[in-house]
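Here are my notes on the model you asked me to look over.

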Amino acid sequence: MKKSVMTIALIMLSFVSFAQKIKEQNVPQVIKKELSEKYPNAKNVKWDKEENNYEASFENNKTENSVLFNSNGKIIETEVEISTAQLPKSILSYLSKNYKDQKV
């Protein structure tokens, strides 16, 4: 019974957590304007809709980025790809000790 409940909960969570790909033409102008002002060098922009928010994934100066906007165009989250060399040494040590067989 416990497995069934856990399985159902995971399935429901997966439906909620998936973003929906959308075309640029369906992104509000205020959001596209904010992206172009904050990231004028953004290339290959791909858009997703997460509930009422819009996520832009793109390359900026050869670095992968992701920015989440609310429906008014305000940035509420950013992600920037970094190399493992940019991680603090304590993190690298922890990873090598606890996740030896995993790729970072």
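1. Start at Ala42, which sits opposite Asn60 of β3. Asn60 belongs to strand β3 and is buried, at 15% relative accessible area; buried here means under 20%, exposed over 50%, and partly exposed anything in between, with a 1.4 Å probe and protein chains only. Setting aside neighbours within four places in sequence, Asn60 has contacts with Tyr39, Asn41, Ala42 and Asn65, a contact being heavy atoms within 4.5 Å.

2. A word on the ground rules: this is a predicted model, numbered from 1 along each chain as its sequence is written. Local features need pLDDT of at least 70 and side-chain atom pairs count only at pLDDT 80 or more, while totals for chains, interfaces and linings use all residues, and side-chain values use heavy atoms, with hydrogens and water left out.

3. The overall layout is 3 helices and 5 strands, in the sequence order α-β-α-β-β-β-β-α. Both kinds of element are DSSP runs numbered from the N terminus: H or I over at least four residues for helices, E over at least two for strands.

4. The 5 strands make an open antiparallel sheet, ordered β1-β2-β3-β4-β5. Pairing calls for at least two DSSP bridges between two strands.

5. Now the β2 partners. β1 (residues 20-22) pairs with β2 (residues 42-50) in the antiparallel sense through 3 bridges, and there Lys21 is opposite Asp48. β2 and β3 (residues 53-60) also run antiparallel, joined by 7 bridges; Lys49 has Tyr54 as its bridge partner in β3.

6. Which residues make up the largest nonpolar core? There are 11: Ile22, Val27, Ile31, Leu35, Tyr39, Trp47, Tyr54, Ala56, Phe58, Val67 and Phe69. At least two residues come from each of α2 (29-38), β3 and β4 (63-69), with β3 giving the most, 3 residues. Such a core is a set of buried Ala, Val, Leu, Ile, Met, Phe, Trp, Tyr and Cys residues joined through side-chain atoms within 4.5 Å.

7. Phe69 is worth a click. Beyond four places in sequence, Phe69 touches Ile31, Glu34, Leu35, Trp47, Asn53, Tyr54, Ala56, Lys74, Ile75 and Ile76.

8. The whole structure holds 3 aromatic pairs. One of them, Tyr94 with Tyr99, is tilted, at 6.3 Å centre to centre and 55° between the planes. The rule takes Phe, Tyr and Trp rings (six-membered for Trp) with centres within 6.5 Å; planes under 30 degrees apart are stacked, over 60 edge-to-face, the rest tilted. Tyr99 counts as partly exposed because its relative accessibility is 42%.

9. Last, the totals. Of the 104 residues, 19% are buried. Among contacts between residues at least 6 apart in sequence, 27% join residues at least 24 apart. The accessible surface is about 8,600 Å², with 53% belonging to carbon and sulfur atoms; that area comes from the Shrake-Rupley method with a 1.4 Å probe.
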